[in-house]
Amino acid sequence: MPTLNNTHIEIIHPSIQRGQVHSVLFDFDGTLSLIREGWQGVMVPMMVEILQALGTGETESELTALVTEFVDRLTGKQTIYQMIELSAQVTDRGGQALDPLTYKRRYLDRLWERIEHRVIGLREGTLTPAEMVVPGAFDILEALRRRGLTCYLASGTDQPYVFDEADALGISPYFAGGIFGALDEYERFSKAQVIQDILRTHHLQGSQLLAFGDGFVEIEETKRVGGIAVGVASDEARRQGIDDWKRDRLIQAGADIIIPDFREQDVLLDYLL
Ligand SMILES: [Mg+2]
């Protein structure tokens, strides 16, 4: 794939309309924040455990493949959708499924054990925000603000957590457009709705919307309205280089550009704006 001026920025679709961006949408987890890094390693085994307990004779690796497929496909949507799918899988196997919300709470409790020290560390100052964001995140947010573009944050994580974690990272002030997350009444929020609201509020055409995300959903929804979608194939654990698996998935979802992180944000913004 061609890259831009000897950078790590991969141009997948060179024909996009550049130079018209007005509003910029960011996904949160994996795109900006690393606080929830490793969440898949909590969600997938929990689901595999639940399905395995039904005793269908499927092996752990078969169930892991099955669960990984739908968890990944639904990444970027609210967490509850992954739990709804789990409930359906339990029912399909003749099991007595719990309320998806119950599964979600169980998952969040387990995830909290993994990430608690990060949130507390940020609050108490033993961890710096720079260590808990995708590299260059502050630089791109600052650069976008300087250029007068309106930024929005939309996450499939529950809204109170998104508010709390964005504050802990010190990035909330950059989102003049607003910060949005999953609601208990989950039909009342979706990334597609946020995108529609942005377009409507500012009377924008698709090409005036730029979105950054590391999940399937935000890329797909951005492309659906003709926006510019930048896939952030961040390697969240190493904070360096490309996650090849994410990259492939983001390209499949329709990403126009792939970046490993925001280290080369100045070249990228010169190209796009
Ligand atoms: Mg994400």
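Pro260 sits in the loop between β7 (257-259) and α10 (265-272); helices (H or I, at least four residues) and strands (E, at least two) are DSSP runs, numbered from the N terminus. The model is a predicted one, in which local features need pLDDT of at least 70, side-chain atom pairs count only at pLDDT 80 or more, and totals for chains, interfaces and linings use all residues. Residue numbers start from 1 along each chain as its sequence is written.

Pro260 counts as buried because it has 24 C-beta neighbours inside 10 Å. A residue is called buried if 20 or more other C-beta atoms lie within 10 Å of its own, exposed if 12 or fewer, and partly exposed in between, with C-beta atoms placed from the backbone. Neighbours within four places in sequence aside, Pro260 is in contact with His8, Ala233, Ser234, Asp235, Gly241 and Ile242; contact means C-beta atoms, placed from the backbone, within 7 Å. His8 is 252 residues from Pro260 in sequence, yet the two C-alpha atoms are 7.1 Å apart.

**Sheet**

Seven strands form an open sheet with mixed pairing, in the order β1-β7-β6-β5-β2-β3-β4. Its edge strands, β1 (10-11) and β4 (178-182), each pair on one side only; strands pair if DSSP finds at least two bridges between them. Two of the pairings are set out below.

| Pair | Sense | Bridges | Facing residues |
|---|---|---|---|
| β2 (residues 23-26) and β5 (residues 209-213) | parallel | four | Leu25 and Ala211 |
| β3 and β4 | parallel | four | Tyr152 and Gly178 |

Although β4 is an edge strand, it is largely enclosed by the rest of the structure, because four of its five residues are buried.

Helix α7 (residues 191-202) packs on the sheet and touches β2, β3 (150-158), β4 and β5, with its direction at about 170 degrees to that of β2. Helix α8 (residues 216-224) lies across β5 and β6 (228-232) and runs at about 165 degrees to β5. These angles run from 0 to 180 degrees between N-to-C directions, with axes fitted to C-alpha atoms, for helices over the stretch in contact.

In α8 the buried residues are Phe216, Val217, Glu218, Ile219, Glu221 and Thr222. Their cover includes α2 (60-73), α7, β5, β6 and α9 (244-253).

**Cores**

A nonpolar core is a set of buried Ala, Val, Leu, Ile, Met, Phe, Trp, Tyr and Cys residues joined through C-beta atoms within 7 Å. The largest has 57 residues, and Leu25, Phe26, Cys151, Tyr152, Leu153, Val230 and Ala255 have the most contacts inside it. Helix α6 (residues 159-169) gives the most to this core, five residues. A second, separate core of 15 residues includes Met43, Ile50, Met83 and Leu86. Ala255 touches Ile12, Ile219, Ala229, Val230, Gly231 and Leu250, residues up to four places away in sequence not being counted.

**Domains**

The protein chain is divided into domain 1 (10-34 + 133-272) and domain 2 (40-124), with bounds from an automatic or database domain assignment. Their centres, taken over C-alpha atoms, are separated by 25 Å. Contacts between them involve 16 residues of domain 1 and eleven residues of domain 2. On the domain 1 side, β3, α6 and α8 each supply at least two residues.

Definitions and conventions:
Contact = placed C-beta atoms within 7 Å.
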